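Notes follow in the order I looked things up.

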Amino acid sequence: MTLWVDLTGMSDEVFADLYALCGQDGGLGEVNVDEDPTVARVTYSQSVHKATSDRLNTLVNTNYPEPIVITGYASSGTFPDGNPASNNGFTFIDRKFKPTVIRVCYDTQQCNGAGVWAVGTDGSHIVFPTTVMLYHELSHAYRIANNTWVADIPIEEAAVITDENVLRAELGIPLRDIHNRSGGCGGPTYGNPWGDCFLVSATYQSEQEIKIHRLRVTRDLLLRRSTLGQDFFNQLYREYYTVSPRIAVDMRHSPALLRIIKLFLVDPLLDFYELVQEYCIRGWKDNRFVDEVAARLDVVCAELTASGVELQDADVLARGLAQLATGHSNLIEICESNGAYTSPKELLCYLSGVLNESWRPLTLVQWALLTPLAAYWSLLAHALADKASISTLAKRLTDTCVNWLSQAPISYSSVKIEQDLLTRDLEDLAAGVFANPIIRTAIGTRLLERYKASVEFDLWTTLKKLDYTPACWQAGDSSDEKRRRHSQC
Ligand SMILES: [Zn+2]
C-alpha cells in the first residue's frame with residue numbers, strides 16, 4: 001500500500017515508465033481508491049524476476065509508514081521547490097501532510113522532446129530516458145523510506161546512480177559515471193516517434209542530426225501548433241512507448257536486426273513521410289509532382305536492388321505489414337526465425353511478437369507507421385516487378401498520400417471539442433497537412449459522423465465556413481438525390 005501515481009500529473013507516462021522498468025511485467029496494475037480521486041494505487045504481482053522488478057515489488061508491497069507518490073511533469077512544469085521540471089527529477093519529503101509523503105517528481109517529456117543527456121563512464125554524453133530518470137528518483141525514495149539515505153549529496157548520488165546503472169545494464173544502454181552529476185537538455189534522444197524517434201536515432205547514428213531535424217520540421221510544419229495535432233502525438237507516443245524500448249534494446253544487441261529495421265522499416269518510412277510533406281506543401285497543386293515522384297521511385301528501386309532486396313522480399317513485406325497494420329499481429333505461421341535477422345520474414349516475425357506484447361491497443365501506431373509502410377512496400381513490389389509502370393505507380397503513390405491523410409485518426413482523448421478550438425486548429429491544419437480540398441472534405445465528413453451529436457455548437461456550419469464541408473451532392477444529381485444526401489449531412 002505504498003506506491004501511488006498522482007493522477008493530476010502525466011499519469012499515463014508514469015505508468016508506462018513503471019511498466020518499462022519492471023521488464024513489461026503484466027503483473028503491474030493500478031487501482032483507483034474511493035478516498036482520494038487524485039491518486040491511483042500501484043499494484044504489482046511480480047512474474048518477471050530481475051533486480052529492477054524486485055525493487056519495484058519491494059516498493060509496492062512493503063507497508064512503509066510514508067506513502068510514495070509519483071508525479072509526472074510536463075517539461076514546461078515547475079517542481080514544488082520552484083525549479084523547472086525540464087530535464088530534471090526531484091524527490092523530497094513533503095511535510096505538509098500527516099503522515100508525511102515521499103514525493104517523486106520527474107520530467108516525462110525529455111525536455112520537450114529534445115532529449116536529456118547525462119555523462120557516461122567514458123566521459124561522453126549518454127541518453128537519460130524517462131524510465132531511467134524515474135528509477136533514479138525511486139531509488140532516492142527507497143532510501144528515504146528505509147532510512148538509509150544520506151544528506152551528503154555526492155555520496156547519496158553515487159549510491160543512487162549505482163542503482164540506476166542496474167537498470168541501464170538491463171536496458172542495454174550506456175552506464176553513467178557515478179561521480180558525475182552533470183546533465184542537460186539535448187543530445188542523445190530516446191522516446192518520441194517521428195520528431196525524436198529513437199529508433200531513427202539508433203539506426204542512423206552519424207546521419208542522425210539531419211534526418212531527425214528533417215522529421216521534426218515535417219511534424220511542426222504539417223501539424224503546426226494545433227491542439228488536436230499535439231493530442232494525436234501524445235496518444236501516438238504512449239502507444240509507441242509500450243513497444244519501442246524493447247526494440248531499441250534488441251537492436252543494440254543485434255547489429256543484424258538493426259540493419260533490417262533500417263533497411264525495411266525506417267528508410268522507407270522516412271521516404272514516405274518526406275513524400276507526404278512535399279505533397280502537402282506543393283505536390284497536390286503541381287502537375288509536375290507525379291513526374292518527380294516517378295524519378296524518385298526509380299532511384300529507390302535502384303538502391304534497393306543494390307542492397308540485395310528482391311521483388312519477393314518487397315512482396316512478403318507488403319503482405320505481412322498489411323496484416324500487422326490491421327491489427328492481425330499473429331503471424332506465427334510465417335515465423336521461421338533463428339535469430340539471425342537477415343530476411344523480411346524474420347523481421348515480420350519479430351515485429352508480430354513485439355506488437356503482441358503491448359499492453360495498449362496500437363491503433364495509432366497502425367495508422368501512423370504500419371499502414372504507410374504496407375502501402376509503400378506494395379508499390380515498391382510493383383515497381384521492382386515492372387520498371388515500365390513507374391509513372392502509373394507514382395500517380396498511385398500520390399493517391400496513397402491522399403487516402404492515408406483522409407483516414408487520419410480523429411478521436412481525441414484528452415481534448416474537449418469546442419468551437420473556438422476546432423476553428424483555430426482546422427484553419428491551421430488547412431495550411432499544412434490538410435491543404436488538399438479532397439482531404440478536407442474527407443476529414444469534414446468523418447468529423448460530422450463522429451462529433452455531430454456530441455458537440456454543443458453547429459458543427460456543419462463551422463465546417464462549411466472553414467471549407468471542410470463534405471460533398472453532400474455532386475453536380476448533376478437530381479433534386480431528390482440532393483435532398484436525400486443533404487439530410488445525411
Ligand atoms: Zn539524484
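**Entry 1: α9 against α13.** This is a predicted model, and I began with a helix pair. Helix α9 covers residues 255-281 and helix α13 covers residues 363-385; I get an angle of about 90° between them, with the axes 10 Å apart. Angles from 65 to 115 degrees count as roughly perpendicular, so α9 and α13 are roughly perpendicular to each other. Next I listed who touches whom. From α9 come Leu265, Pro268, Leu269 and Phe272, and they meet Leu369, Pro372, Leu373, Tyr376 and Trp377 of α13. Sorted by class, that contact of α9 with α13 comes out as 9 nonpolar residues, with no polar and no charged ones.

**Entry 2: α11 against α13.** I stayed on α13 and turned to helix α11, residues 311-325. The axes of α11 and α13 come within 8 Å and cross at roughly 155°. On the α11 side the contact includes Leu311, Asp315, Leu321 and Ala325, and on the α13 side Gln366, Thr371, Ser378 and Ala385 are among the residues.

Entry 3: In what order do the strands of the open sheet run? I read off β2-β3-β1-β4-β6-β5, 6 strands with mixed pairing. β2 (28-32) and β5 are the edge strands, each pairing on one side only. From one strand to the next, the twist averages 30°.

Then I went through the pairings. β1 (residues 3-6) runs parallel to β4 (residues 68-73), joined by 3 bridges. Leucine 3 sits opposite isoleucine 68 of β4, and valine 5 has isoleucine 70 in β4 as its bridge partner. β1 is also joined to β3 (residues 39-44) by 3 bridges, and here the strands run antiparallel. Tryptophan 4 has arginine 41 of β3 as its bridge partner.

At the other end I looked at β5 (residues 89-94) and β6 (residues 101-107), which pair in the antiparallel sense over 6 bridges. β5 and β6 make a hairpin, with 6 residues between them. Phenylalanine 92 is bridged to arginine 103 in β6.

**Entry 4: helices on the sheet.** Helix α3 (residues 130-145) lies across β4, β5 and β6, and I get about 165° for its run relative to β6.

Entry 5: I picked isoleucine 144, which is in helix α3. Is isoleucine 144 buried or partly exposed? I count 19 C-beta neighbours inside 10 Å. Buried needs 20 or more, so isoleucine 144 counts as partly exposed. Setting aside neighbours within four places in sequence, isoleucine 144 is in contact with Ile93, Ile102 and Trp149. I also noted the spacing to isoleucine 93: 51 residues apart in sequence, yet 8.3 Å apart in space, C-alpha to C-alpha.

Note on methods: Residues are numbered from 1 along each chain as its sequence is written. This is a predicted model: local features need pLDDT of at least 70, side-chain atom pairs count only at pLDDT 80 or more; totals for chains, interfaces and linings use all residues. Axes are lines fitted to C-alpha atoms, for helices over the stretch in contact, and angles run from 0 to 180 degrees between N-to-C directions. Helices (H or I, at least four residues) and strands (E, at least two) are DSSP runs, numbered from the N terminus. Angles under 35 degrees count as roughly parallel, over 145 as roughly antiparallel, 65 to 115 as roughly perpendicular and the rest as oblique. Two residues are in contact if their C-beta atoms, placed from the backbone, lie within 7 Å. Ala, Val, Leu, Ile, Met, Phe, Trp, Tyr, Cys and Pro count as nonpolar, Asp, Glu, Lys and Arg as charged, and the others, Gly among them, as polar. Two strands pair if DSSP finds at least two bridges between them. A residue is buried if 20 or more other C-beta atoms lie within 10 Å of its own, exposed if 12 or fewer, and partly exposed in between; C-beta atoms are placed from the backbone.
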